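User: I am new to this structure. Please take a close look at its charged side chains, and walk me through them.

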Amino acid sequence: MSFTAVASYTAPVRRPIEPVGPYFLAHATRTLKGHSWSEYELLEAEKNVVTVEEKDSDEALFDESIDDPELLSHDPRDWKSCDLYAALGLSKLRSKATPEQIVKAHRKAVLQHHPDKKSSAGGKLDQDGFFKIIQKAYETLLDPAKRKQFDSVDEAAEVKPPTKKIETEEEFYAAYGPVFAAEARFSNKQPVPTLGDANSTKEEVELFYKFWNNFDSWRTFEWLDEDVPDDTANRDHKRYIEKKNNNARKKRKTDDNKRLSDLVKKAQSEDPRIKKFKDAEKAEKAQKKWEKEAGTRAAAEAAKAKEEAEAKAKAEAEAKAKAEKENSKKAKEAAKSAKKKNKRAIRGAAKENEYFGDAANAEKIDADLEVLIDSFDDMKLSEVAGKLKDVSADIAKAVLFEVAAEQLAAGKVSSLFYFK
């Protein structure tokens with residue numbers, strides 16, 4: 001078989017190419033210094049660790065320690081299924097954590113779980129698996145795009161809607177308020193209207209459901225994608241995986257939109273305010289119809305007389321109700337004032353007595369007092385406040401320990417730090 005060229009190749013052109021960027025810099029650093037990936041990650045983590053400064057207000061929001069056995073033993077190869085916020089000690093803040101808080105939490109986690117520190121404390125040499133997860137968590141949560149992907153599937157931040165039937169109006173707000181507050185983090189439009197309460201107007205309630213029925217969500221599901229192989233030799237397989245991921249994302253997005261739509265419909269159907277608004281509209285229509293069908297003059301005069309009598313009775317009833325309400329309000333205000341005074345007396349029992357000579361535990365004592373106060377009914381509150389009035393520090397301390405023991409024994413308090 002012969003071959004005949006139809007044209008000649010063009011002359012080659014030599015052009016200088018300069019590799020740049022953070023990934024090339026990382027590659028060059030590893031190559032020049034002869035570091036493995038693990039060694040490089042450890043060195044990069046150490047750069048981010050500074051001398052531990054005094055504990056600031058942010059650290060109060062962090063987890064006290066990252067010591068969950070299941071979390072610590074998580075396979076680093078399957079790091080994407082790990083709770084990345086928990087890996088950095090940010091279980092409480094989660095999506096509310098600022099980049100600065102993420103950096104601080106990372107420093108704290110590195111100081112606690114650095115492999116060098118573990119090995120010096122007698123740990124095994126292979127205990128750097130969780131440290132790798134810490135690094136992945138730090139890199140992911142500081143990247144806005146990747147953090148959104150993780151937040152989209154963060155099951156720990158979800159608040160489940162109520163499954164049982166709502167019995168009271170207060171139960172409705174308590175059950176659905178946190179659910180919509182959690183879902184609001186996915187909204188492209190801010191601020192997001194809140195559920196409100198029994199005093200919300202009809203316009204506010206309608207605006208709330210209009211917003212949620214047209215909810216514009218940024219939630220995505222790329223985090224759950226199947227990894228696309230880097231092998232470019234099989235491009236058909238690579239396209240297949242990408243297509244499969246794309247279809248899976250669309251389905252999850254469709255399912256999530258339906259889930260949210262069903263949630264809004266369910267809340268709307270159980271909202272006690274909507275029933276009140278409908279009842280009021282129905283009563284208004286019935287009133288207009290009755291007036292229209294009044295007919296004759298005699299009927300109109302009778303209706304007028306009836307209205308006047310009803311108005312008079314209503315005015316008298318309103319005046320009576322107003323007087324009763326004012327008396328009730330005064331009584332409630334007096335009780336409320338007494339309750340506040342009693343709470344202040346109990347709170348001040350420790351502070352005014354110099355925390356019984358144990359100022360180092362002032363925070364624990366104050367925290368226990370709040371727990372005890374919350375467990376008291378009005379009668380118990382008044383009783384304890386009376387016992388603490390004008391007594392010495394020793395007696396005040398004895399009274400508080402006695403009351404704490406009673407509340408613990410009665411199961412009204414589960415645990416205490418100081419008065420236990």
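Analyst: Start with what a patch is. Patches are made of residues with over 30% relative accessible area and no salt bridge; like charges are joined within 9 Å, and nonpolar side chains (Val, Leu, Ile, Met, Phe, Trp, Tyr) within 5 Å. Lys and Arg count as positive, Asp and Glu as negative, while His and the chain ends are not counted. The place of a charge is NZ of Lys, CZ of Arg, CG of Asp or CD of Glu. Accessible areas come from the Shrake-Rupley method with a 1.4 Å probe, and for residues only the protein chains shown count as cover.

This is a predicted model: local features need pLDDT of at least 70, side-chain atom pairs count only at pLDDT 80 or more, and totals for chains, interfaces and linings use all residues. Residues are numbered from 1 along each chain as its sequence is written, and side-chain values use heavy atoms, with hydrogens and water left out.

Now the positive patch. Lys336, Lys340, Lys341, Arg344 and Lys389 form it. One of them, lysine 341, sits in helix α13, residues 297–351. (Helices are DSSP runs of H or I with at least four residues, strands are runs of E with at least two, and both are numbered from the N terminus.) Lysine 341 is exposed, at 58% relative accessible area. Here exposed means over 50%, buried means under 20%, and partly exposed lies in between, with a 1.4 Å probe and protein chains only.

There is a negative patch too. Its members are Asp197, Glu203, Glu204 and Glu206. Glutamate 204 belongs to helix α10, residues 202–213. Its relative accessible area is 46%, so glutamate 204 is partly exposed.

Other charges pair up. A salt bridge is a side-chain nitrogen of Lys or Arg within 4 Å of a carboxyl oxygen of Asp or Glu. By this rule there are 27 salt bridges.

Take glutamate 158 and arginine 219. Their side chains meet in a salt bridge at 3.5 Å, N to O. Glutamate 158 is in the loop between α8 (144–152) and α9 (169–183), and arginine 219 is in the loop between α10 and α11 (235–270), so the pair ties together parts 61 residues apart in sequence. Glutamate 158 is partly exposed at 31%. Arginine 219 is buried at 7%.

Next come glutamate 183 and arginine 259. This salt bridge spans 2.9 Å, N to O. Glutamate 183 lies in helix α9 and arginine 259 in helix α11, so parts 76 residues apart in sequence are tied together. Arginine 259 is partly exposed, at 32%.

Arginine 249 is in helix α11 and aspartate 225 in the loop between α10 and α11, 24 residues apart. Arginine 249 is partly exposed at 27%, and aspartate 225 is buried at 16%. Shared partners also link salt bridges into one network of Glu158, Lys160, Glu183, Arg219, Asp256 and Arg259.

Finally, the setting. The chain has 16 helices and zero strands. Its radius of gyration is 33 Å, well over the 22 Å that the globule rule gives for 420 residues, so the chain is more spread out than a compact globule. (The radius is taken over C-alpha atoms, and the rule is 2.2 Å times the number of residues to the power 0.38.) The C-alpha atoms fill a box of roughly 120 × 80 × 35 Å along the principal axes. Of the 420 residues, 30% count as buried.
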